Amino acid sequence: MRAAIGLWRWRHNPLRRTTDLVEAWVAFAALALLCLVVPLTGWAAGASAHGSLQRAVRTQQEQRVPTSARVVRAADRPVGGGRTAEATGEERLRRSVVARWTAPDGTVRTATVTTARRTSAPGTTFPLWTDRHGNPVAPPMHPDTARAHAIVAGLTAALLAGLMVETVRRLAVRRLVLLRYARLDRAWAAVGPDWGRTGTGS
């Protein structure tokens, strides 16, 4: 990016090559994109993700109902198949139990769910989220969690945009360097056979 800083000095330099000026303009354009377009890309991506996630939060809050469930007994096997409760760090803090709760329509439901180990003793009550039909579901996403995900999405988009700009700049510079070498090879091929001979002006 040093070429962008020296762009003004290149204008009247007698040693300036066309490729030097092109490289300086490429660097200047890349710098402008990094300062303007990349932040705007990150902001747009973050704002779009934030809007979508906040709509999802509102939808989940409308469709999911909090209730209280009471532990009936320990479950014969964990929820989700044959994995044991010791399979992961999260599962070590939770336990599968048979619980009973009241659905939004007033019917009593009994099923196997997971709860924190400290609330897994028979007769213990614990908070449970259900859908409108009374089936257990995950709690709705918290607005702060949605906001954090949107920030991550915006930063990721900005980073990818910045990497793309820098990649294009490097490819352009590489192309210019190869062009310089090609011109140098052609120039040397033209004067090389006569180099050092008397009367050739060397």
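Which strands each supply at least two residues of the lining of the largest pocket? In this predicted model, in which local features need pLDDT of at least 70, side-chain atom pairs count only at pLDDT 80 or more, and totals for chains, interfaces and linings use all residues, the strands in question are β3 (108-116) and β4 (125-130). Residues are numbered from 1 along each chain as its sequence is written, and side-chain values use heavy atoms, with hydrogens and water left out.

Helices (H or I, at least four residues) and strands (E, at least two) were taken as DSSP runs, numbered from the N terminus. The four strands form an open sheet in the order β3-β2-β1-β4, with antiparallel pairing; two strands are considered paired if DSSP finds at least two bridges between them. Because β3 and β4 stand at the edges, each with a single partner strand, one side of each is left without a neighbour in the sheet. From one strand to the next, the twist averages 50° (axes are lines fitted to C-alpha atoms, and angles run from 0 to 180 degrees between N-to-C directions).

Strands β2 and β3 are paired over nine bridges, and Arg94 has Ala116 of β3 as its bridge partner. Five residues lie between these two strands in their hairpin, where Gly106 takes a positive phi near 95°. Strand β1 (residues 65-74) is joined to β2 (residues 94-102) by four bridges; Arg70 is partnered by Arg100 of β2, and Ala74 by Val97 of β2. On the β4 side, six bridges join β1 to β4, and Ser68 stands opposite Pro127.

The largest pocket holds about 340 Å³ of space. A pocket is here an open set of points on a 1 Å grid over the protein atoms alone where a 1.4 Å probe fits, with protein on both sides within 12 Å along at least five of seven lines; lining residues have an atom within 4 Å of a point. The volume is the space filled by probe spheres set on the points, which are joined across faces, edges and corners. Of the 15 lining residues, Arg94, Thr114, Phe126, Pro127 and Leu128 are the closest to the pocket centre. The lining comprises 10 nonpolar, three polar and two charged residues (Ala, Val, Leu, Ile, Met, Phe, Trp, Tyr, Cys and Pro count as nonpolar, Asp, Glu, Lys and Arg as charged, and the others, Gly among them, as polar).

Helix α3 (residues 18-63) has 46 residues and reaches 65 Å from its first C-alpha to its last, close to the expected 68 Å, the expected span being 1.5 Å times one less than the number of residues.
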